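Here's a quick walk through one structure, from a pair of side chains to a ligand site and a pocket. Have a look at the model first, then read on.

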Amino acid sequence: MPAHDSRLWTIDTPNTSYVVAVDEHDRLRGLHWGPRLSPEQALALLDLPDSPFRPVVGREPRFDLGAGSAFQYGHNGLQVRFSDGTRDLELVFAEAVEEDGDLTFVFTDRHYPLEVRTRYRSHPGSDVIERTLALRNTGTEPIEVVRADSATWVVPGLDAPRLSQLHGEWGAETQLTRTTIPYGETVIGSRRGITSHQANPWVAIDDGEATETSGPVWSTALAWSGTWRITVEKGPTGSVVVSAGFGHDPIAIRLGGGETLETPIAAGLHTAGGFAAAASAWHDYALAHVLPHPDEVRPVLYNSWEATEFDFTAEDQMRLADRAAAMGCELFVMDDGWFGARVNDRAGLGDWTPNPDRFPDGLGPLIKHVHGCGMRFGIWVEPEMVNPDSDLYRAHPDWVYHQPNRRRSEVRQQLVLNLARPDVAEFIHARLDELLSQNEIDFVKWDMNRPFTEAGWPGDEDPDRLWFDHTRNLYAILDRLRADHPTLRIESCSSGGGRVDFGILRRTDQVWTSDNTDAVDRIAIQDGFAQAYPARVMGAWVTDSPNPLTRREVPLDFRFHVAMAGVLAVGGDLRIWSDEDQARGAELVADYKRVRPAVQLGRRRPLRAGEVTGVQYDRGDQTVVLVWRKARSFAYPDPLLKLHGLDPDARYRDERTGRVHHGAILALHGLDLGLDPADYASAMIELTRLP
Ligand code: DGJ
């Protein structure tokens with residue numbers, strides 16, 4: 001809301017205020033991002049002697065818009081080049097428009113035909129503020145947009161600012177690291193065409209002293225599934241700005257006359273109360289304002305990939321379906337290898353018709369069998385890809401990204417289709433629509449197994465746009481399929497967790513977290529994932545022991561208990577599981593179903609006691625504790641596990657033992673877990689708050 005004639009506005013959320021002002025040079029400045037301020041308090045920001053609102057030449061001003069000054073030597077989130085070569089922007093403030101809860105600042109260039117709109121949006125009940133940028137070329141000559149970050153967030157002065165980020169690799173996604181921020185610019189991002197396994201578009205800043213349960217945290221996440229960058233800049237005086245946007249160096253966007261460029265959402269969140277409170281606020285935001293079906297709990301699925309890989313018949317799938325149904329699975333997903341000549345990874349991608357040897361009568365009999373078992377039916381696709389050994393590639397070798405006179409680098413014997421081309425996007429949509437219309441498919445696992453290389457589009461006058469249009473067209477296809485097949489649910493996968501972000505989550509129902517299903521490795525992957533994304537979307541399979549990737553042998557209960565912290569699924573070869581493991585698996589699936597609403601929709605709190613780590617999920621009267629301990633030394637018994645967020649005056653019944661505990665004792669002294677002293681001990685504890 002604007003504060004009288006001062007050109008100062010506050011965006012208030014339930015617990016925070018973000019205060020911006022337009023200064024005498026028409027620059028939009030971030031003055032405050034933190035606890036709620038009254039209008040009078042917000043106005044007093046203008047009187048601060050050290051106010052960033054008083055730009056001093058030679059001192060790095062703190063920008064919110066990130067543009068509009070010839071004296072900007074720091075990071076600049078908005079950079080354009082006009083057709084005559086001019087680069088500097090001179091923006092003039094036109095107006096601030098408040099509409100439907102949005103606050104939009106409109107600027108126009110002093111000379112050139114460019115309009116810049118920065119839009120803030122907040123949602124009732126959430127402390128997340130969404131920011132986007134829209135650039136409109138109001139002239140006729142094209143403008144080159146070199147960089148258009150969605151938001152530049154100004155973090156208040158901190159003594160020793162620290163950065164939390166999620167880095168990783170295939171099989172080791174979302175590894176959480178916290179490091180002191182160095183002076184200068186720290187840039188993370190992806191140039192791969194996808195969100196990437198290597199970095200996730202989320203960061204958090206704290207004063208170096210926040211813990212899971214205390215301290216202020218400022219975080220931001222970018223809702224985009226193509227290339228991206230987040231720049232964290234610590235200026236010479238220690239101030240920190242965080243800028244997030246799509247695209248990567250050195251690609252640029254050509255904005256033709258009359259065209260508008262809309263950036264994806266960069267969401268910002270300030271929280272008090274430590275990292276767990278920040279994570280929980282992101283989860284609430286995802287559930288309330290991002291996911292398409294937020295109130296649904298995800299079914300326990302069975303996925304056949306690790307069991308069969310490429311070597312199966314329809315009968316093999318049916319046998320697996322029988323075993324999965326007996327264990328209590330609710331959705332059966334047939335993975336790769338069902339179509340075209342896809343009997344290994346060398347052929348068939350792009351040819352989305354059932355393999356005639358494996359499915360002589362089409363998919364109908366298998367789907368009928370799966371439905372007859374009481375499960376929904378899901379299927380794997382990788383629509384953005386083609387094997388050179390495929391009918392599609394033979395017919396359209398020009399449909400892949402490529403450059404003249406350059407080799408076409410293959411990864412896993414496949415190339416990336418140029419989804420930016422409208423005819424290719426139309427073709428892919430038509431094939432998928434046909435598959436979904438002709439078969440009773442309830443669920444699609446949409447995979448994307450390799451990054452872009454030689455990302456060219458010969459003949460197109462603006463080939464850089466492929467980096468943006470690929471993702472836009474992917475989103476458009478997903479949106480269209482969902483609109484036309486309203487009961488369809490979708491999983492985003494990219495060789496595991498290579499496409500996990502709030503952009504894809506807007507149009508999918510869950511994600512495949514990692515190809516690494518080793519329960520021990522999964523603990524760190526899931527902890528990192530949970531910094532931003534809720535358990536409700538975190539696919540977690542129980543697979544065989546020893547694990548096919550790591551060869552680690554881990555007991556069944558431990559594998560289940562780790563997977564039960566997310567969307568529980570089974571992905572092992574049930575044909576070789578012992579009857580005992582099948583029966584125990586069925587018990588654990590039943591346990592999970594009892595606590596599933598709390599896990600998937602409740603509040604997550606990380607737990608630790610000695611060598612024991614775990615998570616607590618709370619919803620209504622239900623508290624679920626999942627704990628695991630890899631190993632302990634003989635003389636160091638597990639300490640009691642302190643629970644968080646309970647009502648100290650309430651009593652809680654342990655549904656395993658019937659024992660009743662006082663909330664105060666659970667919080668101050670802890671719960672005796674009674675874990676087996678052997679390695680890989682684990683447990684699920686269900687507590688019910690008594691009336
Ligand atoms: C990569 C995925 O992450 C796996 O789960 C599996 O679907 C394979 N692709 C199939 O090729």
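The side chains of Asp102 and Arg121 are joined by a polar contact of 2.7 Å; such a contact is a pair of N or O atoms within 3.5 Å, where within protein one must be able to donate a hydrogen and the other to accept it, and residues adjacent in sequence count only if both atoms are side-chain atoms. Keep in mind that this is a predicted model, where local features need pLDDT of at least 70 and side-chain atom pairs count only at pLDDT 80 or more, while totals for chains, interfaces and linings use all residues. Residues are numbered from 1 along each chain as its sequence is written, and side-chain values use heavy atoms, with hydrogens and water left out.

Asp102 sits in strand 6 (residues 102-109); helices (H or I, at least four residues) and strands (E, at least two) are DSSP runs, numbered from the N terminus. Asp102 counts as buried because its relative accessibility is 9%, with buried meaning under 20% relative accessible area, exposed over 50% and partly exposed in between (1.4 Å probe, protein chains only). Not counting residues up to four places away in sequence, Asp102 touches Val97, Arg119, Tyr120 and Arg121, contact being heavy atoms within 4.5 Å.

Arg119 belongs to strand 7 (residues 114-122) and, at 23% relative accessible area, is partly exposed. Beyond its neighbours within four places in sequence, Arg119 has contacts that include Asp102, Glu130 and Arg131.

Now for the ligand. It has 14 residues around it, the closest being Asp335, Asp336, Lys445, Asp447 and Asp515; a residue makes that list if one of its heavy atoms lies within 4 Å. Here are some distances from ligand atoms to an N or O atom of a side chain:

| Side chain | Ligand atom | Distance |
|---|---|---|
| Asp335 | oxygen | 2.6 Å |
| Arg412 | oxygen | 2.9 Å |
| Asp447 | nitrogen | 2.7 Å |

Finally, the second largest pocket has a volume of about 500 Å³. A pocket is an open set of points on a 1 Å grid over the protein atoms alone, where a 1.4 Å probe fits, with protein on both sides within 12 Å along at least five of seven lines; lining residues have an atom within 4 Å of a point. The volume is the space filled by probe spheres set on the points. This pocket is lined by 23 residues, with Asp527, Pro606, Leu607, Arg608 and Thr613 nearest its centre. Strand 30 gives the largest share of that lining, four residues.
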